[in-house]
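I opened the model to look up a few local features and then the build of each chain. The notes follow in the order in which I took them.

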Amino acid sequence: MIDQIWLVPALPLGGAVALLVAGRRLRGVAGGLASLTVGLSFVVGLLILRDLLALPAESREVTRTLFDWIAVGALRAPVELRVDPLSLVMVLTVTGVGFLIHVYSMEYLHGDPRYPRYFAYLNLFVAAMLTLVLANNFVLLYVGWEGVGLCSYLLIAFWFERKAAADAGKKAFIVTRIGDTAMLLGIFLIFSTFGSVRFDDVFGAAGGLAPATATAISLLLLGGAVGKSAQLPLHTWLPDAMEGPTPVSALIHAATMVTAGVYLVVRAAPIFEASPVALGVVAVVGVVTALYAGLSAIGQDDLKRVLAYSTISQIGYMFLAAGVGAYAVAIFHLVAHAFFKALLFLTAGNVSHATDGEMNMMRLGGLAPRMPRTTAFFAVGALALAGIPIFAGFFSKDQILAAAYAGGFVLWLVGLIAVGLTGFYIARAFFLTFAGRPRHQAHPHEPPPLMNIPVLLLGVGTVAGGLLGLSAETGTIHGFLELGEAGHARGGLSELWLGVIATGVAVAGLALGWRVYISGRVDWQALRERYVALRRALARGLYVDDVYGRFVVLPAKATSAFSAFVVDQRVIDGAVNGLGRVFAGLARAGRRVQTGLVRSYAVAYLLGAVIVLLVVLGRT
Amino acid sequence: MRTPIAYFLLLSAVLFTIGTVGVLVRRNALVIFMSIELQLNAVNLSLIAFSRHLGQVDGQVLAFFSMVVAAAEVVVGLAIIVSIFRRRVSANVDDVNLLRW
């Protein structure tokens, strides 16, 4: 079945093409068709997994070349797919979670005027992500990378009639493009250093890299990863991306797009390994982002924006894990996060569906009695996110913190604080949305079954996902991935104690959320009034966006205005129009010759003849 | 004794000048046309004078060509003048000045 690996990206791509070409005619079956292609991809992925497991562990790395794509000079970039444990785990996560989100969307987007186009984009999104994770060279990976960026733009701005949505789409595209440019430079540098862009050639030779080159390549690649994965300082597009339909947010946050950065760092680990500086930067970016996004999440009043900052924070954990060399743990957290974040987003979608799109938690509350199942599933997702034992998030986050502890005490401590923040903000979101007295007029109701089944399956995944990796040494997924773990050489607290502390902090965060927002012992509405400045700072993500607006966007706009209205309109247009005016003037003077009087022409003719005659005679 | 060639050339030059002046100063298309014929024939005259003077037949051949062309030109030119006259009830060339700035 490994020979049929091309089917995995080809199926969703085919679906996208069919829906784009004949969307109008396929309107009735668009959702079903799109879901089917992704579902079939998942099945193919499972069959390939079976074949791969049948191979001995050391030869679980198969490549299949489909055709030569670019072959110019020394540059060889074939369309070559790579099947190894890492890419297969990504394939299964993307297609599995993606499939559930497709099914959910069938009901959520029902009746939308652009229903077929939505599923075309969704399919294209999955196809691009699969290309990204299956590529066996950096150029093909970049194709998927940009494809993902394009689809995120199309889907975030799907309801482009709303200006906010159109702007958010553009912002996502432009901000990630900044990172993509760095990544492209990194790929250029890889080619000029190694003379090849194929993974096998590059990673095989990565050990002998000069540290400076390794650092340069790593940091450029990290730039791309930071943009795509919404890490500091290029995270600002993700909270705004909440303008898209909720299932799109689920897809972006759980299966596609933001996990691409983590995948890239893990995939390019041999290069990062050659540069301790770069690895350190990865870890620091990750942990600072985790802390920053956790803080910002507390200040959000919009349920989806809480989840958005939560994603930024969780991806930060993945970067932290990758930065301290615990690659398998990073991927494990990626998988676990895919489950519980998709679950949280889809339940948030249920809320949105039930309340006519009301997502402001200040106007929600008291949904639990009306929507018991949604409430329960959101709670499961929230507990997993907070890292409470038996849920998937507990195991992965625990292992990340243990790895961080081995990597450095400060990393661990900051990560631990972020755990507490996580517990607090998700408890706040849960209680404000579902508990207490209703602060709205709507009559919420549970969604139809087609939306409930994906939620149910994701809930099962969230609870059982932890079984994949009970510990960093013996976990199923870790053993399968075989990515070489960082040594747990550091003394001090044992892993058990680290786990207990992390869980304690998470529980404390949850308890604080409970105490502030539901117990009635604290008047949280009064607190909001009292600490207005703090609340606003958190709500605006510590003003990072405003700083960019002031120091990047405004100067850029001023420069554009200068080149548009002064350079273009005055200088360039002036030169062109001036030239035109000169000739128009000459023509206006010259056309007087054309009198229309035959006799004056005859005079000119005669004079000309006489002059020619004189010249000829004069020369002889 | 032969008439010297200078006499022929002088007559030719006088005729040509009359034709040229006629083309330039007259307004009636028919008169201009006649003046052009005068110029052509002045040239023909000098051609034949040279032909006789040099004892070569080339000049006469050229004169015949010139006469054939002149005849064809008269046919076309008169047709144009007639059709302009039908349209405008005038043969004044200064009235035909549509192709001006």
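I started with P233(A), which I found in the loop between α8 (211–228) and α9 (237–240) of chain A. Helices here are DSSP runs of H or I of at least four residues, strands are E runs of at least two, and both are numbered from the N terminus. The peptide bond from L232(A) to P233(A) is cis, with omega near 0°.

This is a predicted model, in which local features need pLDDT of at least 70, side-chain atom pairs count only at pLDDT 80 or more, and totals for chains, interfaces and linings use all residues. Residues are numbered from 1 along each chain as its sequence is written, while chains are lettered from A and ligands numbered from 1 in the order in which they are written.

**Backbone, positive phi**

I noted A230(A) in the loop between α8 and α9 of chain A. A230(A) is not a glycine, yet has a positive phi of about 55°.

I then looked up V89(B), in the segment after α3 (58–88) of chain B. The phi of V89(B) is near 50°, again a positive value in a residue other than glycine. V89(B) counts as exposed because it has 8 C-beta neighbours inside 10 Å.

**Chain A**

For chain A I counted 25 helices and 2 strands. The C-alpha atoms of chain A fill a box of roughly 115 × 60 × 50 Å along the principal axes. Of its 620 residues, 51% are buried. I call two residues in contact if their C-beta atoms, placed from the backbone, lie within 7 Å. Among contacts in chain A between residues at least 6 apart in sequence, 81% join residues at least 24 apart.

**Cores**

A nonpolar core is a set of buried Ala, Val, Leu, Ile, Met, Phe, Trp, Tyr and Cys residues joined through C-beta atoms within 7 Å. The largest one has 205 residues, and those with the most contacts inside it include F125(A), V265(A), L320(A) and A342(A). Helix α15 (residues 327–354) of chain A gives the largest share of this core, 19 residues. A second, separate core has 5 residues, among them V23(B), A29(B), F33(B) and V93(B).

I went back to V265(A) and left aside its neighbours within four places in sequence. V265(A) is then in contact with L222(A), A225(A), F272(A), V282(A), F319(A) and A322(A).

**Chain B**

Chain B has 3 helices and 0 strands, in the pattern α-α-α along the sequence. Its C-alpha trace spans about 55 × 25 × 25 Å along the principal axes. I found 13% of the 101 residues of chain B to be buried. Of the contacts in chain B between residues at least 6 apart in sequence, 47% join residues at least 24 apart.

**Helix α1 of chain B**

Which residues of α1(B) are buried? I listed S12(B), G19(B) and V23(B). Seen down the axis of α1(B), the buried residues fall within an arc of 40°, so they line one face of the helix. The arc is that of the directions from the helix axis to the C-beta atoms. These buried residues pack against α25 (598–619) of chain A together with α2 (29–54) of chain B. The face turned away from the buried side carries the exposed residues A6(B), Y7(B), L10(B), V14(B), V21(B) and V25(B).

**V31(B)**

My last entry is V31(B), in helix α2 of chain B. V31(B) counts as partly exposed because it has 15 C-beta neighbours inside 10 Å. Leaving aside neighbours within four places in sequence, V31(B) is in contact with G22(B) and R26(B).

How values were computed. A residue is buried if 20 or more other C-beta atoms lie within 10 Å of its own, exposed if 12 or fewer, and partly exposed in between; C-beta atoms are placed from the backbone.
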